[in-house]
2 protein chains.
Amino acid sequence: MSTKPSTPAPYKPEPITGYTEWLPEVRLVELRWLDHIRSVFESYGFCNIETPAVEEIEVLSAKGGDTEKEIYALRRLYESPNDAEPRVALHYDLTVPMARYVAQHYNDLVFPFKRYQMQKVWRGERPQEGRYREFLQCDIDVIDNEDVSMSFDAELPIIVYEIFQGLGVGPFSINVNNRKILQGFYQGLGIEQVTEAIRIADKFDKIGADGVLKSLVEQLNIPADVAAKCVALAQIRTGDSSFVERVRALGVQSELLETGLTELQFVIDHMKDIPAGHIWADLSIARGLDYYTGTVYECKLLDYPGYPSVCSGGRYENLVGAYLRKKLPGVGLSIGLTRIFAKLLKDGKLPVAAKSGTQLLVVYPQGADRDAVRRIAAHYRAKGVKVEMYHEDKKTPKQLQYAVRKGIPYVLFPGADGAPHQVKNLATGEQVEVTADWLPG
Amino acid sequence: MSTKPSTPAPYKPEPITGYTEWLPEVRLVELRWLDHIRSVFESYGFCNIETPAVEEIEVLSAKGGDTEKEIYALRRLYESPNDAEPRVALHYDLTVPMARYVAQHYNDLVFPFKRYQMQKVWRGERPQEGRYREFLQCDIDVIDNEDVSMSFDAELPIIVYEIFQGLGVGPFSINVNNRKILQGFYQGLGIEQVTEAIRIADKFDKIGADGVLKSLVEQLNIPADVAAKCVALAQIRTGDSSFVERVRALGVQSELLETGLTELQFVIDHMKDIPAGHIWADLSIARGLDYYTGTVYECKLLDYPGYPSVCSGGRYENLVGAYLRKKLPGVGLSIGLTRIFAKLLKDGKLPVAAKSGTQLLVVYPQGADRDAVRRIAAHYRAKGVKVEMYHEDKKTPKQLQYAVRKGIPYVLFPGADGAPHQVKNLATGEQVEVTADWLPG
């Protein structure tokens, strides 16, 4: 007697922590997001580049800082552990690859170089809400040989505004500041450890006015009345350029401060066509990264006050100094797409609907001539309709059920023996004869 | 006297072997390719999915074979080498991720599940022309619980035909065969080592009829007259279903052979609307991978006879057996986008032109009101035009030069004091007054 061999329990795949993956109906929404973002970027004349997923480790490590610890290096699975150090690693942002790209292709680019880049990046972070190991960033930057017009500093937030409005991310604020204001103000106050002080003030969002005051006094030995002025500065937030008078009222003198105020005023004034409530001169914004030297941006979704910034960036003076014997200034912004999308998805705020973008299902009448039915589908497809054929030789209700489950709005029943075709609208139940001109409504 | 500190020689970034990267004008063409491929996939009702760049190593290793050696595992750059084995690695194709995806989300998918996927994959191959370490694949597959209609086997090459025609890849052939024909024919001839024999016959393309004959006789001890029949089979190539009679004329009897002939005839017959010369029943095609059980595809660019296949795939019976207690059959095709694109680029066959998709440059007249100029740009942008503003305060010739270098076809000169704007066509030199209705031709 033979015994039936026991089947091994199948290996059950699980989601990998820190990596997102969407069902087709969610991906359909994400694709619409990507199309919208791309079309806005392109409508402002930004060109696309795509860089490899990897860079040389030497390139990625040059920036330094905490990110270096989060770099994922590549190595062949079956190499011996004694092999040489891996030479390449996955990029952790799109700024470093862009800098390397600009340096490498310098002679083939037209300046000002306006590029957008929409790619995955990878970081070995501890995954939590809003922080992923793989996520999609949408970056724009303008880079030039000498000066980059301040008008770009005003144009970038307008682009982000258009994108966020179009995506329907809910209420949001784009907060703008200028590092020269902070540096000039702190210097004018006689504070010596300006960088450290800025780093503390940057936590205003998290630790509040009292926390910043306390840290400045205790950690940097700044007199309480001086520290109070730093806090007063961080509390200035205006929707127009009235921040200038409020800063001046604090009575701090510094040439750098004046330059910063002029620059920020220029930027805010040139965004006046954006409806009120979206753009703020927010003098608490500092951005941690040292390479920003002027305008800095930070965007928040107002429905989620504790959620991290969903778009940030700023102006820098020296992008490619590590690669070329010149400094290239620029200004850029990075939209954290996965961070926004995943949050809205979780919160039920995305218009997730049909499982497919198909507009029309052509029914296969059992036993019909497949060539004839295929030509009906091809006819409407040539007119730009997304048409699916039902190929299985199954009864009509089964075919209709497929359309319903996939969210296909129209079903076409081919007419037998030259009779006109009929189209059924699955939402209304209405069924009508159609001509060759018919298009889904 | 102070000495000027010596500047260290900048680190000169070089391309990383095996990774491609395009200039903006080339990327513009690649984007058009991706848009076209996506639109054809969607016009046939395929939905998009995107999976993470990584899979668990357990998942990637399950398929076995040579590819395993090419897997790139991830590890944190600054972990100690004594750490546990890396758990995830970059995917080397899109089939394994799809199988895992279908198993993981099985209950949320509608079957037949028709998906397309356009993503980078990574392989630790020795780079050479046509073989890259990072490359873009565009896959479509149809998967179902029980049967998948043979009509899909005919639909997939039609989709590839439409894509290749639209992209303008030059002359190409889509070669179709059926593994059942090979297996049935070899079994009918009394050959025992069928798999090995198929593997040898698969080299027909490389070693020719004599080479196959010799290998079959010498390596598998097959009598010369029997081997000659195998070679005769591999030499059958027809644009219609006349291959059936030619196979039968070889006088081999086998039930499996008959099934294969019927299936391949069905597929070839249902592609009759494709102009002659593109689709071939080619009985030499075997595809190395063992998991194909019926239809197999292989596409070649006819201008490059020695170049590897640019699109391949086939029908399989058991996609997710490793994950679920069921077998899901399917049929799929994978377009090797990077392989095609890089070859045509190198060969000067791509329509690489403007460095940017911008249609209109709005000139900034020195000293003009920036708000007014910005509103002109916004006006045309709202009408769907891709509009760039020149922000720098530079003389007009400099601004025109920028448009010329970027390949922007039209330049708008804002009218001063309410005068109408003028638009110059940079190709013809013609300059005309325009109204608010104007659109680039």
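Modeller: Gladly! Let's begin where the chains meet: 104 residues of chain B are in contact (heavy atoms within 4.5 Å) with 104 residues of chain A. This is a predicted model, in which local features need pLDDT of at least 70 and side-chain atom pairs pLDDT 80 or more, while totals for chains, interfaces and linings use all residues. Residues are numbered from 1 along each chain as its sequence is written, chains are lettered from A and ligands numbered from 1 in the order in which they are written, and side-chain values use heavy atoms, without hydrogens or water.

Between them, chain B and chain A bury about 9700 Å² (accessible area, 1.4 Å probe, that both lose on being put together), with 51% of it on carbon and sulfur atoms. On the chain B side, Y11(B), E21(B) and R75(B) lose the most area to chain A, and together they make up 8% of what that side buries. Charges meet here too: there are 18 salt bridges between chain B and chain A (a side-chain nitrogen of Lys or Arg within 4 Å of a carboxyl oxygen of Asp or Glu). One of them joins D35(A) to R38(B), with the closest N and O atoms 2.7 Å apart. Helix α1 (residues 24-43) of chain B gives the most to the side of chain B that touches chain A, namely seven residues; helices (H or I, at least four residues) and strands (E, at least two) are DSSP runs numbered from the N terminus.

Now find helix α1 in chain A, which also spans residues 24-43 and holds W33(A). The ring of W33(A) pairs edge-to-face with that of F341(A), 5.1 Å centre to centre and with 90° between the planes (Phe, Tyr and Trp six-membered rings pair with centres within 6.5 Å; planes under 30 degrees apart are stacked, over 60 edge-to-face, the rest tilted). F341(A) sits in helix α11 (residues 337-346) of chain A, so this pair ties together parts 308 residues apart in sequence. Both W33(A) and F341(A) are buried (under 20% relative accessible area; exposed is over 50%, partly exposed in between; 1.4 Å probe, protein chains only).

Another edge-to-face pair is made by Y390(A) and Y402(A), at 5.5 Å and 75°. Y390(A) lies in the loop between β14 (387-389) and α13 (396-406), and Y402(A) in α13 itself, so this pair links parts 12 residues apart in sequence. Y390(A) is buried at 5% relative accessible area, and Y402(A) at 4%. Elsewhere in chain A, Y101(A), Y106(A), F111(A) and F113(A) form one aromatic cluster.

Stay in chain A for Y304(A), in the loop between β10 (292-301) and β11 (311-316). Y304(A) is buried too, at 11% relative accessible area. Leaving aside residues up to four places away in sequence, Y304(A) touches K343(A), L344(A), D347(A) and K349(A).

Last, turn to helix α5 (residues 179-188) of chain B: seven of its 10 residues are buried, so this helix is largely enclosed by the rest of the structure. Among the buried ones are I181(B), L182(B), F185(B) and Y186(B), and also R179(B) and K180(B). What do they pack against? Their neighbours in chain B are β7 (172-178), α6 (194-201), α8 (224-234), α9 (243-248), α10 (255-269) and β10 (292-301). Just after α5(B), G190(B) takes a positive phi of about 80°.

Key. Buried area is the accessible area (1.4 Å probe) that two parts lose on being put together, summed over both.
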